[in-house]
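Please keep the sequence and the model in view while reading.

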Amino acid sequence: MKLEKTVESARVRLVPYEPQHVPKYNGWMKDQFLQETTASEPLSLEEEYQMQRNWEADQDKFTFLIVDKQRSENSVEGMVGDINIFYHDEEDRTNAEIDVMIAEKDARGKGLGLESVIAMLRFAGEEMGIKSFEVKISFDNEASLHLFRDKLLFEEVSRSDVFEEITLRKVFDPSWIASFNLPYSVQSLSS
């Protein structure tokens, strides 16, 4: 579902995934490493445009692109990854899954994923009323495990040997989010 909002923090701006972003996003998803870490298959450019339209219409998924403001204020030039919120239960909109991908190799390891997740957790908790968050991370995705388990203090709730993934959970706590001392604002997109 497209939210007509952007979320701003110190170094990142989270913007809705729109058609002008599709060619760059499609290029990212041709990368074998990203396919493996996101459990994705490569799509043609037309299939990617259709996927963007599907995500925009999906009432259970919210996709934002991560724009590195130091790279560029332009959302296409500055985009370095994406962040998503998914509802799993139509009846319960207080629990959701979150995932993040830093696609640009030169943007990894710089804290942009951490800052993006903090901003999204705050937005989803305060603006959308989500009370708890889950992440599902493959056993071998050390960077994501370090981010969510070690830095954000998500706790392991299950482990699947069949899917080779760990599920971590965090209850939203405004004082915990505030402890990161990151600037935060939400802007409505102009019509």
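Elsewhere, salt bridges with shared partners tie Glu8, Arg13, Lys69 and Glu73 together into one network. The model described here is a predicted one, and a search of the whole structure finds 13 salt bridges in it.

The table lists three of these pairs.

| Salt bridge | Distance, N to O |
|---|---|
| glutamate 104 and lysine 24 | 4.0 Å |
| arginine 93 and aspartate 60 | 2.6 Å |

Which parts of the chain does the salt bridge between glutamate 104 and lysine 24 link? The side chains of glutamate 104 and lysine 24 meet at 4.0 Å, N to O. This pair joins distant parts of the chain, 80 residues apart: glutamate 104 lies in the loop between β5 (95-102) and α4 (112-127), and lysine 24 belongs to helix α1 (residues 22-28). Glutamate 104 has a relative accessible area of 18%, which is under the 20% limit, so this residue is classed as buried. Lysine 24, at 24% relative accessibility, counts as partly exposed.

Arginine 93 is partly exposed, with a relative accessible area of 29%. Aspartate 60 is partly exposed as well, with a value of 24%.

The surface also carries a negative patch, formed by Glu36, Asp140, Glu142, Asp161 and Glu164. One of its members, aspartate 161, sits in the loop between β7 (155-160) and β8 (165-171). The relative accessible area of aspartate 161 is 61%, which is over 50%, so this residue is exposed.

As a whole, the protein chain contains six helices and nine strands. Its radius of gyration is 16 Å, close to the 16 Å given by the globule rule for 191 residues, so the chain is as compact as a globular protein of that length. Along the principal axes, the C-alpha atoms fill a box of roughly 40 × 40 × 35 Å. Of the 191 residues, 45% count as buried.

How values were computed
Residues are numbered from 1 along each chain as its sequence is written. This is a predicted model: local features need pLDDT of at least 70, side-chain atom pairs count only at pLDDT 80 or more; totals for chains, interfaces and linings use all residues. Side-chain values use heavy atoms; hydrogens and water are left out. Patches are made of residues with over 30% relative accessible area and no salt bridge: like charges are joined within 9 Å, nonpolar side chains (Val, Leu, Ile, Met, Phe, Trp, Tyr) within 5 Å. Accessible areas come from the Shrake-Rupley method with a 1.4 Å probe; for residues, only the protein chains shown count as cover. Lys and Arg count as positive and Asp and Glu as negative; His and the chain ends are not counted. The place of a charge is taken as NZ of Lys, CZ of Arg, CG of Asp or CD of Glu. Helices (H or I, at least four residues) and strands (E, at least two) are DSSP runs, numbered from the N terminus. Buried means under 20% relative accessible area, exposed over 50%, partly exposed in between (1.4 Å probe, protein chains only). The radius of gyration is taken over C-alpha atoms; the globule rule is 2.2 Å times the number of residues to the power 0.38.
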